[in-house]
Amino acid sequence: NQLSTLPDSFGQLQALLSLELSHNELGTLPENFGHLQALSSLRLNRNKLSTLPESFSELWALQLLELNNNELSTLPESF
């Protein structure tokens with residue numbers, strides 16, 4: 001895929017349980033990404049993520065997180 005951004009409204013998908021966005025061109029995630037509080041599985045491998053939003057620490061239900069092959073150098077302080 002070639003996704004480079006997600007819309008700000010993405011955080012409104014509060015019932016979303018699983019998300020596969022690997023093999024895209026994502027450089028950032030919307031700041032309200034942490035509003036996806038039902039999310040238990042998130043795969044973001046092989047993107048261009050350099051940072052994660054501070055709200056990322058609000059993903060309380062998250063059990064599986066894959067971030068391989070990104071450009072992350074730091075994690076949010078709240079993580």
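Reader: Lys48 first. Buried or exposed, or partly exposed?
Author: Lys48 is partly exposed, with a relative accessible area of 40%. Buried means under 20%, exposed over 50%, and partly exposed in between, with a 1.4 Å probe and protein chains only. This is a predicted model: local features need pLDDT of at least 70, side-chain atom pairs count only at pLDDT 80 or more, and totals for chains, interfaces and linings use all residues. Residues are numbered from 1 along each chain as its sequence is written, and side-chain values use heavy atoms, leaving out hydrogens and water.
Reader: Which side chain does Lys48 meet in a salt bridge?
Author: Glu25, at 2.8 Å from N to O. A salt bridge here is a side-chain nitrogen of Lys or Arg within 4 Å of a carboxyl oxygen of Asp or Glu.
Reader: How many salt bridges does the structure hold?
Author: 2. Glu66 and Arg43 also meet in one, at 3.5 Å from N to O. Glu66 lies in strand S3 and Arg43 in strand S2, so this pair links parts 23 residues apart in sequence. Glu66 is partly exposed at 23%, and Arg43 is partly exposed at 29%.
Reader: Switching to the sheet. What's the strand order?
Author: S1-S2-S3, an open sheet of 3 strands with parallel pairing. Strands pair if DSSP finds at least two bridges between them. S1 (18–20) and S3 are the edge strands, each pairing on one side only.
Reader: How many bridges join S2 to S3?
Author: 3 bridges, with S2 covering residues 41–43. Ser41 stands opposite Leu64 in S3.
Reader: Now Asn70. Where is it placed?
Author: In the segment after strand S3 (64–66). Asn70 is buried, at 18% relative accessible area.
Reader: Which backbone oxygen does its side chain reach at 2.9 Å?
Author: That of Leu44. The backbone oxygen of Leu67 is 3.0 Å from a polar atom of the Asn70 side chain.
Reader: And which residues does Asn70 touch, beyond four places away in sequence?
Author: Leu44, Asn45, Arg46, Asn47, Lys48 and Leu49. Contact means heavy atoms within 4.5 Å.

Notes:
Helices (H or I, at least four residues) and strands (E, at least two) are DSSP runs, numbered from the N terminus. A polar contact is a pair of N or O atoms within 3.5 Å; within protein, one must be able to donate a hydrogen and the other to accept it, and residues adjacent in sequence count only if both atoms are side-chain atoms.
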